[in-house]
Every structure is written in C-alpha cells, then in structure tokens.
Amino acid sequence: MSQVEKKAGLLRRTSSSKKPLKEKVVLMYDEIFAKEDPSKNNPRFWDELFLMKVNLEYLESKLESVDGEEVQRIQDNINSLFHHCVQALGEEHQIKVVNALQTLCALFRGVHQKNKSASGFDIINMLMGFDKAEQRMKDLMERLDSLLCGDSSESLKSLCLKLLLCLVTVTDNISQNTILEYVMINSIFEAILQILSDVSSRGQHGYDAVVLLALLVNYRKYESVNPYIVKLSIVDDEPTLDGMGMVVHQALTEYNRQYKDKEEENQGGFFSTLTTMVGNMFIADADEKLSVQTNEAILLALYEAVHLNRNFITVLAQSHPEIEIAASPTTPTPTTPTTPLGTTPPSLDMMNNPELPLDPNLQTSNLLITFLKYASIVMQDTKDEHRLNSARLCLIILTCIAEDQYADAFLHDDNMNFRVNLHKMPMRHRKKAVDKNIPSRPLVCAVLDLMVEFIVTHMMKDFPMDLYLRCVQIIHKLLCYQKKCRIRLHYTWRELWSALINLLKFLLSNETSLLAKHNIFHLSLLVVNLFNMFITYGDTFLPTSNSYDELYYEIVRMHQVFDNLYCMVLRVSTNTGQWKEAASKVTHALINVRAIINHFNPKIESYAAVNHISQLSEEQVLEVVRSNYDTLTLKLQDGLDQFERYAEQPKEAAFFKELVRSISLNVRKNVSLNTLSQDVLLKEFSTIS
C-alpha cells in the first residue's frame, strides 16, 4: 500500500479478504491527479467536490508525492482546482466556501512543500498557470477582502485569516514567496484595519490580523516599495490605532500573567519538593520552570507600529484599568490547542471590553507599562535564542521610544505617575522586592530601572555586548532629553552610577577573554561619556545640588576603577594593534573624571590628616567636595548631548530578516486549518445553508 494511502483516505475493511474502501472525496482527488479532465465525464464534478468534507492530509500528501514528470501531466487539473476554489468563494452555500478555503490552504502548502527548490515562477505556474496568475490572484484577494469586510460569520472570517497566514508563511524566507507580489498589488490592508477598528471583530480576529500585518510589512522591505509599509506609516484613524494597541496590549498581558502564574506555581511547589526523596533532582530546574515561550510575532507588530507610525506613540500612553485576565471568564478563541505558552491570543472578553468602569482603588495601566513588564521578563535570561531576540527587539523598541519627542514628553510627565512592578532576576545578595513598596513615579523611572537591572544582572562569561550597547544608548538618549528640556527627575541616580562603575570593573577584570570577541573600548567610551554628561550638564537636570555632590562622591569613592581603566586604555593606545584608536578615545574621554579624582583625593586625604580621622564618613567627604568646587578646572567636551538616530537599514537588516524567518516558521507550525474543527464548521454551516 502506498504511503499516501496509509496517511489518509482509507475507511474500514468490510472483511479480511476485501480491499479497504476510500472516501468519495479521496476518489475525487485521485481523479484530479489523473491525466484526464475530471469534469469531462462528470460536468458536476467541481460542484460536488466542494460539498465534500476536505481531507487535508491526503490532498497535501498527494501533492508532495508528485514527481517532476507528473507535475507537467496534471498541471492543467491543478490549475483548474485552484480556479474552481476561487470561484467557490463567491458561492452562497457556506459549506462550499469553507471547503474551498481549506482546499486552497492544502494547495499552497502541498505545492510549496514539494517544490522547495523551485523558483517562485514555477510554483505560480503549477498552482494557477503563469498566464492566468494575475487574474486568479486578483479574484482570490477580492473575494477574501469581501469575506473579511462583509457580513460573513466569524468562523468564516477566521478561516480567511488562517488562509492568508498560511499563504504568507509557506516559505521559510517570506521575501522569496513570489506569490506575495499579488498580495502587494491587491492589498487587503483596509480589511485588516477594519477588523482592528471594530470592537467585536477585533476580539475575534485581532491577534491574527496584527500578526498578518506585521509579516506583510516585512515582505521585501529593503528591496522594493512595500505598500503595507507606506499605508501603515500614514494611518491616523484613532479607533484603528487604539485597536492595534489593544491587541498588542492584551497579548503581552496574557504573557505576563502566564509568567506570574508559573512563578507562583514554582514558589508554591519548591519547598514541598524538598520534602520528597527525589526532590533534589528537581531543584536545578526550578528557574527553567519559569520559562514561558516568547511571542516575537506580537513584539514585531509593536515595533513596526512604533517605528513606522508616529501617531501610534499616543496609543502607548493611553491609560485604562489594570485587569487580571485570569479573573474574567474566557471564551474559546480560534487558536490551535497546541499553541505554545505566550503565543496564545488573549481571551475574547478582554478584547471586547476595552472600556471598563474605573475603580478609584484600581491601579491604571497602559501599553507601555505592560511592555516594560514583558521586557523585564524576557530580558532576565538571554541564553536562549528566542529570548535573546525578544530582548534585542525590546531594546530596539525602547530606542525608538527614547528618540521620540512626544514619547519623551509623557515619559517625563510629572502628572502621569505609575507603579510599575518590573520582574527582577532572583539574586543571592538582594531580597525580593515587595510590590507595595514600589513608588508611583513618571514612567521614565521604570525605563531607567529596567536598564539598570539589565546592566547589573548580565555581567557573565557569555557577555551580551549588543544588548549592553543598546541599554547604555537608551540611557544616553533619555539624558539628552532631560538636559535639553531641563527636567529635574527625582530618580535614585546613585543606583545607575553604581551599576555603570561595576560594569567598567567587570570589563577590566575580563579584558583578555572579552577582547577576543568584543570591542570593549566602545562600550567603555559610552559609559564614560554618560558620566561626562552628568559632570558637564548635571546641574541642569539632576534634581538637587546634593545629587551633583553625590555624583562626585561616587567618582572619588570608586576612583580605583577609573584609575585602572585609564592605565588599561593608555597601555593599549600606546601600542600598535587593532584597538589602538578605540582605546585612545577612552583616554581622551576620561580627562574630566581624572581631573575630579586628582583634584579631590588630595583634599580628602589632607582633611583626614588634619582632623586625625582614619576613615571619613560620607557626609565628611561630601563636605570636602562642596568646599572645593571653586578650584576645580574641567574641560568642555563637545558632542556629549548628540546621538546617532536609530535606522533599521543597514545595521539591523540582518537581524530582522532572521527574526521574521523564525516568526514565519513558528506561525506556520501553529496555523492549522484544523484550528477551527472541520466538524464544528460543517455543523455550523449546515444549519445556515
């Protein structure tokens, strides 16, 4: 018996001596894969076919089993099947529409699976005939658009989106999917926007619509004009932008909730595990249990919205009640039962009720807060590739936000204070923060907290240099805004200074091993220039004069780190080698830091000697600092408040190509037309028809 027959299409054996029977639809598929036109002997062949329940597995496996010569022989029949599928989408009989949509998905998947090495033109030719492809795809896209925008049932609309996701992700590299040229020409952008702007349809289909849009935006984005990029960049309709924000917000909220549940479950079961004889076997896995699969697809959608559309920035700040998703009853959503944690679209109740009564005791939230909480989770462990990609994308999104003037305005707005409970990596030397102790502050404080947390917790052998560079650059951009607008932010700056000094200390301690992989001088320069920003312009944005005194105190207290850094960069810059120029820049940047150390250290030693004190208190050192500013000479350094603006192309192009490939593979794996059970669909539409 052939492998295809084993896979599907066989019914019961009537007796041990008789051959197994085949379903009628399988017999009809076999006719399509024969040389003759199946409608030649049966004029009603196509009408009857779409009344039959689709056998996806058999049809796909049949397409995959066809060899080169057979392709030529049956191409007319495959073209005809595609044509009649598209025609059936216009039928009033809903069962025909359902079966046509499922058959189209099997065609796209089966043909691509078989012809992975074939050119896009060959695949188009096999599916619909190259000479008729333009008209066939125009008809298909128009009918899908009509189904999505019309009064079709929600199940049917969901099936249309599944088909489109199937089509978009059918190749590993989305930009090599030539069929998408027709999706560019015959845009469904407006249909996607309509779904997002309507509360009801957004609840049912918002997640798929947002993921679909994010993928379409990335089709050949660097090689040609992508109409989805152009259109997304100019959307200014408030309900649509709010709808997109709501979908992203709820997906990230769902992820955060799943992580919190796992964390509580892990803490609850940890000590009870110790009481069992085999408990010790599981202790090492305690942290791993907290791992929840990241959702790069929804994060990519957020990035594209923030990066391309300045109007979307306002959506980040819109306040609404912070709701515990688990508290509300959920309705089954159109997702695959095997959908991994973190990729599940949020419950329909949440999506359908963006406006909820405000409880005066209820903490308000917004998309940015939810995103920061999400980032604080995925940035904890960057050893896994998906989490590393998520962390990088989170930092790229924060980079775009930090550069935007409107975003900076609400980040620093004293009238918009929030308690943001960021997740922190468990560490032996610190206690777990208690939620109630978190003060209500401007949102920029939470962004800075997130950056400090990352800096403190990722000084390790496998050093994530790229993420550190992005963190330090985000801090710099926020400081530039504070300096420009003279915003005196009440923040615990000493935590930031301490984190940065410890980072320099780590770089010095691991110079040899790190230099084998990274340019540590570039990161050192960025860190030193952050101190130069505080030294040169701190009087314009630090909250009090005491803060400025404390800055000098920290520099003097930790002078050994800066002295060691100077010795190291001086050594490298005076020798010939690949790091000579990079090291010399750090040498020059340390001028003012060294001037402060060389000016105050003798004064402090003198004060201690005169007063016969072996170890000065912090207040005594600060007194010396305050009384000796007048004689300190510093050099004005140019360009400290300047930065290079973010540009995706060319620096980030390779990252996004790989990210989209990974997302596409994941979406393809999870998008199944059996998502909406065939039996459920057929039962629903048999009652309608």
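Modeller: Accessible areas, as used here, come from the Shrake-Rupley method with a 1.4 Å probe. On that basis the chain of this predicted model has an accessible surface of about 31500 Å², and 50% of that surface belongs to carbon and sulfur atoms.

Colleague: What share of the residues of the chain count as buried?

Modeller: A residue is called buried when its relative accessible area is under 20%, and 56% of the 689 residues of the chain count as buried. As for the elements that make up the chain, there are 33 helices and 4 strands. Among contacts with a separation of 6 or more, 78% are accounted for by residues 24 or more positions apart.

Colleague: What makes α27 and α30 roughly perpendicular to each other?

Modeller: Helix α27, residues 545-557, and helix α30, residues 591-610, pack at an angle of about 85° with their axes 9 Å apart. Angles from 65 to 115 degrees count as roughly perpendicular, and therefore α27 and α30 are described in that way. On the side of α27 the contact is made by Y552, I555 and V556, while α30 brings V593, I596, I597, F600, N601 and I604. By class, that contact of α27 with α30 divides into 8 nonpolar residues, 1 polar residue and no charged ones.

Colleague: How do α8 and α9 cross, and at what angle?

Modeller: Helix α8, residues 133-149, and helix α9, residues 154-168, have axes that come within 9 Å and cross at roughly 140°, and α8 passes α9 in a left-handed crossing. From α8 the contact takes M137, M141, L144, L147 and L148, and from α9 it takes L156, K157, C160, L161, L163, L164 and L167. The classes in this contact of α8 with α9 are 11 nonpolar, no polar and 1 charged.

Colleague: Why is R486 called exposed?

Modeller: Exposed is used for a relative accessible area over 50%, and R486, at 57% relative accessibility, therefore counts as exposed. R486 lies in the loop between α23 (465-485) and α24 (493-509), and its backbone has a positive phi of about 50° although R486 is not a glycine.

Colleague: Which peptide bond is cis, and what is its omega?

Modeller: The bond from Q649 to P650 is cis, with omega near 5°. P650 is found in the loop between α31 (618-626) and α32 (653-670), and α32 is also the helix whose axis α16 crosses at roughly 135°.

Note on methods:
Residues numbered from 1 in each chain as written. Predicted model: local features only at pLDDT ≥ 70, side-chain atom pairs only at ≥ 80, totals over all residues. Heavy atoms only, no water. Axes fitted to C-alpha atoms, helices over the stretch in contact; angles between N-to-C directions. Helix = DSSP H or I, 4+ residues; strand = E, 2+ residues; numbered from the N terminus. Left-handed = near helix turned anticlockwise from the far one by under 90°. Contact = heavy atoms within 4.5 Å. Nonpolar A, V, L, I, M, F, W, Y, C, P; charged D, E, K, R; others polar. Buried < 20%, exposed > 50% of the residue type's maximum accessible area, 1.4 Å probe, protein only. Parallel < 35°, antiparallel > 145°, perpendicular 65-115°, else oblique.
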